Structures are given as C-alpha cells and as structure tokens.
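Load the model in a viewer and follow the stops below in order. Each one gives a selection and what is found there.

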Amino acid sequence: MPAQPIVIDWFQNAADHKLIPAITDMNEVLQQYPHDPWVTYLAIKWLTAQTQYERAAAVYEHSEIYDSPGLLNNAAYTYAYMRQFDKAFALMDKYITALPKNANPQDSYAEMLRMAGHFDQAIEHYKAALVLNPKFYSSQLGIADTYSLMGDQVRARQEYEASFRKFSLPTLDRVVWKTREATTFVRDGDFRSADRAFRAIAEYARAKRMSQVEAEAYRQMALYQTRPEQAAVCLSKAENALHEGNNMMRAAVQQELAQILRARVELAVKDRDEGLANAALAQLNQLSDESDDRLIETAYHGAAGAVFFSRHEYKKAALQLEEDINNPMSLKMLAAAYREMNNIADAKRTDETLANFNDPTLEQALVVPAFRKCLENPSCQIKIKNTSYQN
C-alpha cells in the first residue's frame with residue numbers, strides 16, 4: 001500500500017487527538033518504509049512533538065540515513081532533548097557542513113548549545129546565522145533569550161525590543177517572544193512590571209480574538225503571584241477567556257484547560273487546601289481520561305505528583321512526576337521524592353538535570369536560578385537534603 005494514505009490517516013488521527021490510532025498508523029508506515037527519508041522525517045518530527053524522544057531516536061538510528069539535512073536537524077534536537085549533547089553536536093556539525101550558506105543550521109546549533117549551557121558559543125552561532133541571513137529573526141531573538149538565561153535581564157530586554165523594532169513578526173511569534181520578555185521581569189523579581197507586561201499580552205490577545213493566548217497569559221501570571229487570592233483571580237480570568245472564545249478548536253481548549261487545572265492543583269497544594277486540590281485533580285483526571293492527548297496527560301501526571309507529594313506518599317509521587325520531567329517544578333519535586341525514598345543516586349541525577357535546565361520559560365525562571373543558588377549555599381544544601389525546600 002502506498003505510504004501517502006497511511007500518512008494522511010496518521011496525521012488526521014493525530015490532529016483529532018486519537019493517539020493510539022495515530023501510533024498504529026505510524027508503526028505501519030515505518031514497517032513498510034523503514035529507510036525512507038520522508039517517512040522517517042515525519043516520524044521523528046511527530047514523536048518529538050509528543051515528547052517520545054527515545055522512540056524518535058530509535059527511528060532515526062534504524063533508518064540508517066545519514067545524508068539528509070532535515071533528518072540531521074530533527075535527530076539532533078531529539079538527542080538534545082534527551083541531554084545527549086555529544087550526539088546532538090556531532091549531527092549539527094554535519095548539518096552545517098551540508099548547508100554551509102543556510103542560516104538555519106547555525107540557528108539550530110545555537111539553540112542546542114544554549115540548552116547545554118554553552119551560552120557564549122550559542123551567541124556566536126546566532127550571530128553567524130544573522131550574517132548568513134540578516135532577516136532570520138529567530139536568531140536575533142535567540143540572542144535575547146540567551147542573555148536572559150545568563151542572568152542579564154536588562155541586556156535581554158534591549159535585544160527583545162531591538163528585534164520588535166527591526167522585524168515584522170508573525171502574530172503568534174510576536175506573542176511568544178513578548179512572553180519571554182515579560183518573563184525577564186519575573187527573573188528580576190519585579191512582579192509589578194511582570195504583571196503589566198503579561199496583562200498587555202492578554203489585552204493584545206483579546207483584541208485579536210486569540211482566546212487561548214489570553215488564557216495562557218493570565219495563567220502564567222498566576223504562577224508567580226505572591227498572594228494566593230491574586231493567583232486565584234488570574235486563573236479565573238484565564239478560564240473565562242478560554243470559555244468565551246468561540247473560534248478555538250476543542251483540542252486547544254482542552255489543552256489550555258488542563259494547564260489551568262494543573263495550576264489550580266499546585267496553588268491549592270501550596271495553600272494546603274486539600275479539598276480544592278482534590279477537586280481540581282479529579283477534573284483534570286476526567287479530562288485526561290476523555291482525551292487522548294499527551295500534553296493533557298503530562299499535566300495530569302505533574303498535578304497528581306504534587307498532590308501525592310503533599311500527602312508524603314513519595315513513591316506514588318515519583319511515579320507520576322517521572323512522566324513530567326520536562327517541567328522544572330516537577331523535577332524539583334521528583335528529586336525531593338527520591339531523597340525521601342533514600343534513592344540518593346536518582347536524586348542526585350535529577351538535581352543535576354534541574355541545575356542544567358536551560359529553557360527560557362516562566363517555569364524555568366521560577367525554579368532553576370534559585371535552585372542553582374541553593375546548591376552553592378551549604379546551609380541551603382542541607383535543606384535540599386531534608387526536602388524542606390519544597391514546603
């Protein structure tokens with residue numbers, strides 16, 4: 001049977017969030033065409049989007065295709081997400097050699113170097129991409145992201161603003177980097193300025209009838225609020241925006257609602273409101289059961305892990321949190337759960353992963369810089385060993 005009809009069914013099932021049929025279709029087409037560059041490319045790209053990194057790497061290795069620039073790039077990202085940076089960098093060297101006059105290999109290499117914490121080298125490759133293509137705006141904004149992760153928020157904001165002036169960005173891309181610019185204020189502990197920046201994003205999204213973006217902006221505001229009642233107000237605004245939207249796909253609504261419910265669970269756990277935590281978790285569990293969506297499932301695991309941790313049920317917490325290792329909040333709790341279980345080796349490994357987590361997200365800003373400082377402070381390290389830093 002030709003590959004095209006199976007691939008169409010595969011991506012239609014994926015779009016409908018029918019994960020099991022999508023995986024079945026993918027496996028069928030891979031079985032028929034294991035060494036086809038197009039099929040392998042699609043499989044790696046889709047599996048990586050589903051955070052199925054090990055499976056994506058296995059597909060690439062089984063394909064035995066080593067001369068396709070697109071595959072080199074996709075596979076390198078897969079290895080980088082698994083923190084196997086030596087493999088990622090080796091593939092990126094080949095990618096740059098294959099397309100020496102193209103800006104994208106330099107940009108991708110820069111992003112992976114940034115993920116690995118090689119910030120100065122990352123900036124060099126971003127600049128190299130801009131030399132090859134001065135209109136390659138993601139590299140200019142990547143420089144801003146890198147300065148933010150380096151701790152220089154003033155320079156980061158200057159780079160963001162320069163980018164906004166210089167480039168006419170697509171609407172969604174502009175929102176992404178406006179959010180990252182807003183996050184620089186959270187990194188500075190300037191929550192008033194952060195509120196203004198996130199509120200401006202929400203208002204812009206509302207004017208553009210981008211309900212999911214508006215909801216996401218308010219949800220992110222909730223994450224850094226110092227007063228529980230204000231965080232609750234932000235989450236209510238997020239949910240209202242979501243339900244008022246009449247131009248959103250059902251899957252997008254469910255994904256954002258899952259993130260809002262997760263935030264409600266985490267806020268309730270922090271406030272020691274077991275009733276609210278259980279109610280929100282039950283709603284999230286139902287949402288996860290009714291959908292076949294990896295993002296919703298991951299949100300549930302992170303929230304369930306937080307609830308089990310609050311109950312001191314550390315083994316159950318670890319089992320849930322291990323399914324959400326791309327979230328710094330879950331990683332921090334997972335290390336604490338391991339330590340409570342006297343699983344010192346896994347606790348140390350998770351601490352190292354968290355300390356080297358370099359992603360310009362709000363969750364990273366809220367957890368990782370403070371965690372790194374704590375590792376440098378002997379008295380704080382004692383708290384880490386006693387897991388009381390989580391309370």
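Select Glu 244 to begin: at 49% relative accessibility this residue counts as partly exposed (buried is under 20% relative accessible area, exposed over 50%, partly exposed in between, with a 1.4 Å probe and protein chains only). This is a predicted model, in which local features need pLDDT of at least 70, side-chain atom pairs count only at pLDDT 80 or more, and totals for chains, interfaces and linings use all residues. Residues are numbered from 1 along each chain as its sequence is written, and side-chain values use heavy atoms, with hydrogens and water left out.

Glu 244 belongs to helix α14 (residues 228-244) and Arg 206 to helix α12 (residues 191-207), so the pair ties together parts 38 residues apart in sequence. Helices are DSSP runs (H or I, at least four residues), numbered from the N terminus. Arg 206 is partly exposed, at 46% relative accessibility.

Next, select Arg 264 and Glu 239, another salt bridge, with the closest N and O atoms 3.1 Å apart. Arg 264 lies in helix α15 and Glu 239 in helix α14, so this pair ties together parts 25 residues apart in sequence. Glu 239 is buried, with a relative accessible area of 18%.

Just after α15, Arg 272 takes a positive phi of about 60 degrees.

Finish with Glu 111, Arg 114, Asp 145 and Arg 180, which a network of salt bridges links.

Definitions and conventions
Helix = DSSP H or I, 4+ residues; strand = E, 2+ residues; numbered from the N terminus. Salt bridge = Lys/Arg side-chain N within 4 Å of Asp/Glu carboxyl O.
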